[in-house]
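User: I'd like a close look at one part of this model, the charged pairs. Walk me through them, please.

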Amino acid sequence: MPDAALKLDDFLPFRLSFTSNLVSDRIARAYQALFGLTIPEWRLVAVIAESDGITQQAIGANTRMDKVTVSRAAIALVERGLIERVPNAGDRRSHLLRLTASGRALYEQVAPKALELEQRIFGGFDAARVEGFVAMLREIDAVAMAVEAENAG
């Protein structure tokens, strides 16, 4: 038997996914109960709130959500009157998504709850340890994107 046998619970990609799902599921339950939002819908609201208008393609790139998930979330949010589609002067083939006044008001209610949930999950850790963890996650992102680009090319 080889020394480097795969044990799923010790496999880092699995650990990242498992922990991410645990945290996301907790947050999803809270957003659904409090605001009637799914995780993809909340992500769209949050990303759109950080811009003066953004394309669905850019949202997908910024969040790593697939086109179908972004599209479905955008449709649901438009139907609820939380976002609007406006012409994109830079590219007439696409539209920009912007928060409506109702969407902005919802964001201003949800954002503090998101920060509160983050604090509940990570507040028991030393701040330097959390900063190091975030830095490592960003490094992992960069390496994974480089491997993806290498495999695509």
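This is a predicted model: local features need pLDDT of at least 70, side-chain atom pairs count only at pLDDT 80 or more; totals for chains, interfaces and linings use all residues.

Is arginine 15 buried, partly exposed or exposed?

Analyst: Arginine 15 is partly exposed, with 26% relative accessibility; buried means under 20% relative accessible area, exposed over 50%, and partly exposed in between, with a 1.4 Å probe and protein chains only. Residues are numbered from 1 along each chain as its sequence is written, and side-chain values use heavy atoms, leaving out hydrogens and water.

Arginine 15 pairs up with aspartate 9 in a salt bridge, their closest N and O atoms 2.5 Å apart. By salt bridge I mean a side-chain nitrogen of Lys or Arg within 4 Å of a carboxyl oxygen of Asp or Glu. Aspartate 9 is partly exposed too, at 41%.

The whole structure has 3 salt bridges. Another one joins arginine 64 to glutamate 148, with 3.2 Å between the closest N and O atoms. That pair ties together distant parts of the chain, 84 residues apart: arginine 64 sits in the loop between helix H3 (56-63) and H4, and glutamate 148 in helix H6 (residues 127-152). Helices here are DSSP runs of H or I, at least four residues, numbered from the N terminus. Arginine 64 is exposed at 59%, whereas glutamate 148 is partly exposed at 41%.

Then there's aspartate 91 with arginine 93, meeting at 3.0 Å, N to O. Aspartate 91 is partly exposed at 23%, and arginine 93 is exposed at 76%.

How values were computed: Helices (H or I, at least four residues) and strands (E, at least two) are DSSP runs, numbered from the N terminus.
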